[in-house]
Structures are given as structure tokens and as C-alpha cells.
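Hello,

Here is the structure we talked about handing over. Please open it first, then read on for what was found in it.

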Amino acid sequence: MTLNRSLARGLFLAAVALFFGLGALRYPIGRMDHAGPGLFPLMISVLLGLVALATIVRGVVAGGPGLDFKVRNIGLILAALCAFSLVSRFLNMSAGIVVMVFIATAAGSNYSWKRNVVISIGLLAIAFVFQKFLGLNLPLL
């Protein structure tokens, strides 16, 4: 059995589900009619674990393209995250989101500045919704 994309994706999802599922067990679970703080993350991690299991089975049974690492793309994604952090710290988060999108999309197979603008507008809209309606303290402006 070789490591293909589906199998690697499933193993990664399983690791994330296990990490958060075990973390959720540190909190009281409660009951369905009176949920504790650990119930929601536990339910989400169980659902993610089921998706991971299906992805692992698909990777083993159906196979798929091999797993190859493109160091350039990994570097671009890491650079996008670092740029987001730095720009958000020294300017504001809105500029950080735009910079992150324009750097991260360079890792894709085709680059479109129009698509980057649309993605940036969408992410900024989501951030503003989080700020205004959920009351999160996000330094957007």
C-alpha cells in the first residue's frame, strides 16, 4: 500500500479529529438536553472522524494519484500566513487578509487577480460579520 493523496488526506483528518476529540473530553460533556462545553467539539470531531474514515477507505480501495510535495507551494502558503500575521500586526487585519490571499493563490496552477479580489472581498465580508454580529474584537480598520 502506497501513500496517495486520499489516504494522506484521510490520515490528516483523522489526526485532527482525534486531537480535538481528546481535547473535548477534558470538559464536561453533559446531556443532549443540557449540553456541557465539551459536547459540541466532541460531536464535530466524531463527524470529522467519520469523514476521515471514509476518506481513508477510499484511498485504500480506489487508490489515486501519488502524494508529491511541492516545496515552492508549501513555502508560498507559509509566507502568506507569516505576511498575514505581520501586516495584521503593523497595519490592520483587512490589509493582512488581502496580502494573504494574493500570496497564497500564487501556489495554485493558475493566477487571476480578479479572482483574488473576489476572494478577498468574501473573506473581508465574513470578517466584518464576525466582528459586528458575533462581537469578536478583530482589528479590521
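Subject: a serine in helix 4

S94 is buried, at a relative accessible area of 12%. The cut-off for that word is under 20%, so 12% puts S94 among the buried residues. Please keep in mind that this is a predicted model.

S94 sits in helix 4. Which residues does S94 touch, once neighbours within four places in sequence are left aside? The contacts are L124, F128, P139, L140 and L141. N73 is another matter: 21 residues separate S94 from N73 in sequence, and their C-alpha atoms are 24 Å apart in space.

The core

Next, the nonpolar core. The largest one has 6 residues: M93, I97, L124, A127, L138 and L140. Two helices, helix 4 (93–104) and helix 5 (113–133), each give at least two residues to this core. Two of the core residues, L124 and L140, are also among the contacts of S94.

Take I97 as a way in. Beyond its neighbours within four places in sequence, I97 contacts F84, S120, L123, L124 and A127. L124 and A127 belong to the core as well.

Helix 5

N116 is in helix 5. Is N116 buried or exposed? N116 is buried, because its relative accessible area is 0% and the cut-off is under 20%. Not counting residues up to four places away in sequence, N116 touches V101, F102, T105 and Y111.

The surface

Now the outside. A nonpolar patch lies on the surface, formed by L3, L11, L67, F69, I74, I77, L78 and L81. Together these residues have about 750 Å² of accessible area. Which helix gives the patch its largest share? Helix 3 (residues 71–90) does, with 4 residues.

I77 is one of the patch residues, and I77 lies in helix 3. I77 has 38% relative accessibility, so I77 counts as partly exposed. That class runs between the buried limit of 20% and the exposed limit of 50%.

Charges

How many salt bridges does the structure hold? There is 1. The side chains of R31 and D33 form a salt bridge, at 3.0 Å from N to O. R31 and D33 are both exposed.

Then go to the core through I97 and L124. Finish on the surface, with the nonpolar patch that includes I77 and the salt bridge of R31 and D33.

Best wishes

Terms used:
Residues are numbered from 1 along each chain as its sequence is written. This is a predicted model: local features need pLDDT of at least 70, side-chain atom pairs count only at pLDDT 80 or more; totals for chains, interfaces and linings use all residues. Side-chain values use heavy atoms; hydrogens and water are left out. A nonpolar core is a set of buried Ala, Val, Leu, Ile, Met, Phe, Trp, Tyr and Cys residues joined through side-chain atoms within 4.5 Å. Buried means under 20% relative accessible area, exposed over 50%, partly exposed in between (1.4 Å probe, protein chains only). Contact means heavy atoms within 4.5 Å. A salt bridge is a side-chain nitrogen of Lys or Arg within 4 Å of a carboxyl oxygen of Asp or Glu. Patches are made of residues with over 30% relative accessible area and no salt bridge: like charges are joined within 9 Å, nonpolar side chains (Val, Leu, Ile, Met, Phe, Trp, Tyr) within 5 Å. Accessible areas come from the Shrake-Rupley method with a 1.4 Å probe; for residues, only the protein chains shown count as cover.
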